[in-house]
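Work through the exercises below with the sequence and coordinates at hand. Each task is followed by a solution in steps.

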Amino acid sequence: MISIQSKLPHTGISIFSVMSKLAEEHHAINLSQGFPDYDCDPKLLNFVTDAMQKGYNQYAPMPGLPALRELIAEKVSYLYGANYHPESEITITSGGTQAIFTALSSCISSGDEVIIFEPAYDCYAPAVKLLGGLVKPYELSPPNYEIDWEMVKKLFTANTKMIILNSPQNPTGCVLSEKDIKALIKLTKNTDVLILSDEVYEHIIFDDNKHQSIALYPELRERSFITASFGKLLHATGWKMGYCLAPELLMKEFKKVHQFNVFSVNTPMQVGITNYLKDKETYLGLSDFFQKKRDFFRSLLVETRFKLLPCNGSYFQCVSYANLNEEKDTDMAIRLIKEYGVASIPVSAFYTKSTDHRILRFCFAKKQETLEKAVERLMKL
C-alpha cells in the first residue's frame, strides 16, 4: 500500500475551480472566476501569430526575451520613475501566480513568518505552508477593509520574514493609499523584512486614484518583489504570462528557482506582447475601460437587494446579503448558481479561518449583455 503524508492536509480544490465547475454543470452565468468573456485585441493575436510563422517557436532565454524586459523597464520608469535593469532585475514568468510562488520559494524557509492581509488571494498561504513557513494572517473587515498598521506591528516577531501586499486587491477591490505606504515604510525601516507586492491589477484603478506601486518608493523597492500579469493587462488570462521585478540581490535568488521551475515561458507570445505594448495606450486606457464596466454593473446591481461595497480597483465587485438572510456565504453562492443561474465567489474562501461576513464577489470583466442578463436573474432574489 502506498502511503503519502500531505503537505497541505487542510487544503482542497481552489474555490475558483469549484464555482466554475458548478456554473458549467448548471449552465449558470459565470461571474465567479476572474476572466473576461470577450476576446483580446485582434492586433495582439496577429502579432503572436506572425511571431509563430516567423519561427519564434523555440526556448526563450531563461529570464525572458531581452526586448520584452527592456520594454517593461521603460514602462516602469515611465509610470513610476523607477529604474529596473532589464538584465538583472526583471524576469518574465508563466503568469502572476508562478511569479508569486517563485518569489516565496526563493527566500522563505522553515519557521519564517509571513504576514498576509485577509481576505487574501488564495495562493499566498498554501505556498508559504509548502515552504515550511508560518502564515500570520491579519483579518480586514467590510465594508472598507482598512488596515490598522499599529495592529500589524503587533504581529512582528524576530521570525517575521515577509509581508505580502495586494493592491488593487482581490477579492475586495480596495487599494492602498499613500498613508498606508508611509505606515509600511515606517514599519519596515531598520528591519530585514521583505515585501512581496502583488500588483496584477495595477492598471485597473478608478476615480482618478493613483496606483501606489511599491516601485514608487526607493525605501521599499530595495526589499521588494513586485509581481505583475500580462493576462489582466491584455484580456488573455489563459496565456499565463507575467513578470517579476526585484533588486538584483533578490532577483538573483528568484532566477535560481525560476530556472528549475519553468525555465522559460512562451516565446511567440513574448514576441507578440513586445510589439503590442510599444503603444502605451494599450495599458493607459484600461482604467477608463473597466471603470465604465464597474459603473454600469453597479448601476444594475442597485436594483437588486444586495448592498454594494466600495470598489476602487480590480474588476471585482463585492456585495453584502447580510440584510437578506443568515445563510453561510458558501451556501448562498451555491444556491445562486442552482436556483438563479449566476455564479459568484464566497469571500470566506479568502480567509484562513473561513471568516464569514456574508459577502459575495462578482467579476465584471464581462460583456454588457452578460452583466445585464446576470443582474436580471439576481433581481429575482
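The model is predicted.

**Exercise 1. Aromatic cluster**

Task: State which residues ring pairs link into a cluster, then describe the pair of Tyr201 and Tyr315.

Solution. 
Step 1. The cluster joined by ring pairs consists of Tyr38, Tyr201, Phe289, Phe290, Tyr315 and Phe316.
Step 2. Two numbers are needed, since a pair of aromatic rings is described by the distance of the centres and the angle of the planes.
Step 3. For Tyr201 and Tyr315 the ring centres are 5.4 Å apart and the planes meet at 80°, so this pair is edge-to-face.
Step 4. Tyr201 belongs to the loop between strand 6 (194-198) and helix 8 (218-221), and Tyr315 to the loop between strand 9 (307-308) and strand 10 (316-320). The pair thus links distant parts of the chain, 114 residues apart.
Step 5. Tyr201 and Tyr315 are both buried.
Step 6. Phe316, a member of the cluster, also has the charged end of Arg361 over its ring, 3.7 Å from the centre.

**Exercise 2. A second ring pair**

Task: Classify the pair formed by Phe117 and Trp149, and decide whether each residue is buried or exposed.

Solution. 
Step 1. The search of the whole structure gives 18 aromatic pairs.
Step 2. The rings of Phe117 and Trp149 have centres 5.6 Å apart and planes at 65°. Planes over 60 degrees apart count as edge-to-face, so the pair falls in that class.
Step 3. Phe117 is in strand 3 (residues 113-118) and Trp149 in helix 6 (residues 149-153), so the contact ties together parts 32 residues apart in sequence.
Step 4. The cut-off for buried is under 20% relative accessible area. Phe117 has 8% and therefore counts as buried; Trp149, with 11%, is buried too.

**Exercise 3. Backbone exceptions**

Task: Locate the cis peptide bond between Pro142 and Pro143 and the one from Ser167 to Pro168, then examine the phi of Asn190 and Lys240.

Solution. 
Step 1. As a reference, most residues other than glycine have a negative phi, and most peptide bonds are trans.
Step 2. Pro142 and Pro143 are joined by a cis bond with omega of about 10°. Pro143 is in the loop between strand 4 (134-139) and helix 6.
Step 3. The Ser167 to Pro168 bond is cis, with omega near -15°. Pro168 is in the loop between strand 5 (160-166) and helix 7 (178-188).
Step 4. Asn190 has a positive phi, near 60°. Asn190 sits in the loop between helix 7 and strand 6, and with 75% relative accessibility it counts as exposed.
Step 5. Lys240 has a positive phi of about 50°. Lys240 is in the loop between helix 9 and strand 8 and, at 39% relative accessibility, counts as partly exposed.

Terms used:
Residues are numbered from 1 along each chain as its sequence is written. This is a predicted model: local features need pLDDT of at least 70, side-chain atom pairs count only at pLDDT 80 or more; totals for chains, interfaces and linings use all residues. Side-chain values use heavy atoms; hydrogens and water are left out. Rings of Phe, Tyr and Trp (its six-membered ring) pair if their centres lie within 6.5 Å; planes under 30 degrees apart count as stacked, over 60 as edge-to-face and the rest as tilted. Helices (H or I, at least four residues) and strands (E, at least two) are DSSP runs, numbered from the N terminus. Buried means under 20% relative accessible area, exposed over 50%, partly exposed in between (1.4 Å probe, protein chains only). A charge sits over a ring if NZ of Lys or CZ of Arg is within 6 Å of the ring centre and within 35 degrees of the ring normal.
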